[in-house]
Amino acid sequence: PADDSYVSQARDKQLISEVLPLASMKPVLAVRKGNQKKLNNLDVILASDVKLSHANPEAAAVGKLTRDALIQSGRWDAFSKRIVVQKPTVNDVAADLQLGTADAGFVWDVTLKQIPELEAIPAGELPAAKLSACIVHSSKQPTAALRFARYLAAIDGGAKAFSDEGFTAVDGDPWEPTPEIRLLAGAMLRPAVDKTIAAFEAREGVRVTRVYNGCGILVAQMKVDGAPDAFFACDREFLDQVGDLFGEGTTISSNQLVILVHKGNPHGIKKLKDLAQPGLRVGIGHEKQCAMGVLTQRTLKEDRSTEAVMKNVKVQSPTGDMLVNQMLTGSLDAIIAYITNAAGHADRFEAISISIPCAFADQPYAVSKKSRHRYLAERLLESIRKHESRRVFEQNGFTWKAK
C-alpha cells in the first residue's frame with residue numbers, strides 16, 4: 001500500500017499479518033514546467049478559475065491523503081469546486097498535467113522526479129505517506145513472503161532502489177537470507193515465551209538465540225559484553241540499569257511474589273512473618289542475581305521482617321525454578337517466589353498471597369539502540385504481544401499488561 005492508512009484498514013479487516021516499513025514519500029502540488037499561469041500557492045488556485053485534476057480519494061492514496069489534510073485545514077470545499085476530473089491513479093493526474101487538460105493537481109514528490117515536464121509549487125506542509133510490505137493472512141508461503149519483504153526493506157537491498165527512485169527509504173536491517181538475533185530474558189519468562197519464539201523462528205525463517213538467566217546476572221553480562229538485540233527483563237528496575245543501551249521498553253506482563261509451601265501447609269504459614277518460625281528452612285531469590293531477589297528484599301523490608309526471616313534462609317538462588325526444585329526434593333519448607341513458579345505444581349504446592357504493593361513486578365521488552373536487526377527484533381515483540389501469546393502468559397500465571 002502507498003499509505004499506512006490502508007494498512008490500518010487491512011488490519012481492521014484481519015487481512016494482513018506482519019508489516020515491514022519500506023519508505024516514505026510526500027504529496028506535492030504540481031503544474032507543467034514553466035508555470036505559465038504563475039500559480040504560486042494553493043490560495044491563488046482557490047481564488048482563481050484553475051482547472052484541477054485530482055486522484056479519487058476512494059481509490060488512490062494521494063487523493064485520500066490530500067483530501068484529509070485539506071479537510072483538516074478547512075480548504076477542501078473550496079478545492080473540490082475546482083476539480084474538473086477525478087482520476088483513479090496518481091499517474092493519470094500527472095498525465096492530465098502533461099497534456100494540459102488540467103492546470104494543477106496533487107502528485108507524489110517521487111512522481112516529479114520521474115516526470116521532468118512537471119514542477120512543484122508551494123502548497124503548505126502535507127503529511128508524508130508511509131509505504132510498507134504487508135504479509136497477507138491467506139498467504140500459503142509466509143516464510144518466503146517474509147524473506148522477500150525483508151529484502152525489500154534491507155538497507156543494502158531494496159532500500160537502495162527506493163532511494164534511487166526518489167523515495168525516502170527506511171534505515172532497514174542489513175540483508176541476510178537467514179538473520180540471527182540474540183535475546184536475553186529473565187529465567188521466569190521461559191515457559192511463557194519459548195514456544196512463541198520458536199514459532200516466530202519457523203515463520204520468519206530466522207534464528208533467535210535465547211539466553212535465560214537471573215536478570216542480575218544478565219545485566220552484569222551486558223555491562224561487560226554490550227547489549228544483545230533485545231532484552232526481556234523480569235522487572236523494569238533491571239532494564240533501567242542498562243537503559244542507555246536500549247530504547248524505551250514495552251511492558252508485556254506482571255508477576256506477583258507469593259509464599260510457596262507444601263500441600264496442606266504443614267507449618268501453618270499465613271504471612272511473611274511466619275517464615276521466622278524456629279527451624280523453618282526458607283529459600284529466596286539472590287538479591288544480586290535476579291529481579292525476584294531484589295523484589296523479595298524490598299518486600300521484606302516493607303513488612304519489617306527482614307532480620308527475622310533472613311535467619312531462616314538456607315538458599316539464595318538466581319532463579320525461581322531452582323528454588324522449586326529444592327522444594328520438590330523436600331530440602332526446603334517454604335520459598336518466596338513468583339506465582340508463575342507454581343504453575344504446573346498445583347498438586348504439590350500452595351501459594352500464599354503477599355498483600356504488599358511492592359510484591360509485584362512488571363516485565364518490559366526492549367530493543368537495543370545498536371541492534372543490526374532492529375526491525376526483526378521489533379517484529380518478535382509484535383509476536384509476543386499477540387493474542388496467542390497472551391493465552392500462554394496467562395496459563396503460566398502472569399497478568400497481561402500489553403495493549
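Good morning. The lining of the second largest cavity divides into 8 nonpolar, 5 polar and 1 charged residues, where Ala, Val, Leu, Ile, Met, Phe, Trp, Tyr, Cys and Pro count as nonpolar, Asp, Glu, Lys and Arg as charged, and the others, Gly among them, as polar. This is a predicted model, in which local features need pLDDT of at least 70 and side-chain atom pairs pLDDT 80 or more, while totals for chains, interfaces and linings use all residues. Residues are numbered from 1 along each chain as its sequence is written, and side-chain values use heavy atoms, without hydrogens and water.

A cavity here is a set of points on a 1 Å grid over the protein atoms alone where a 1.4 Å probe fits but cannot get out, and lining residues have an atom within 4 Å of a point. The second largest cavity has a volume of about 90 Å³. Of its 14 lining residues, Met-188, Pro-318, Thr-319, Gly-320 and Tyr-338 are the closest to its centre.

I turn to the largest cavity, with a volume of about 130 Å³. Among the residues closest to its centre are Arg-150 and Ala-153. H15 gives the largest share of this lining, 3 residues.

Which residues of H7 are buried? They are Pro-142, Leu-146, Ala-149, Arg-150 and Ala-153, buried meaning under 20% relative accessible area with a 1.4 Å probe, protein chains only. Seen down the axis of H7, these residues fall within an arc of 105 degrees, taken from the directions from the axis to the C-beta atoms, so they line one face of the helix.

Definitions and conventions:
Buried < 20%, exposed > 50% of the residue type's maximum accessible area, 1.4 Å probe, protein only. Helix = DSSP H or I, 4+ residues; strand = E, 2+ residues; numbered from the N terminus. 1 Å grid on protein atoms, 1.4 Å probe; cavity = no way out; pocket = protein on both sides within 12 Å on 5 of 7 lines; lining within 4 Å. Points joined across faces, edges and corners; volume = space filled by probe spheres on them.
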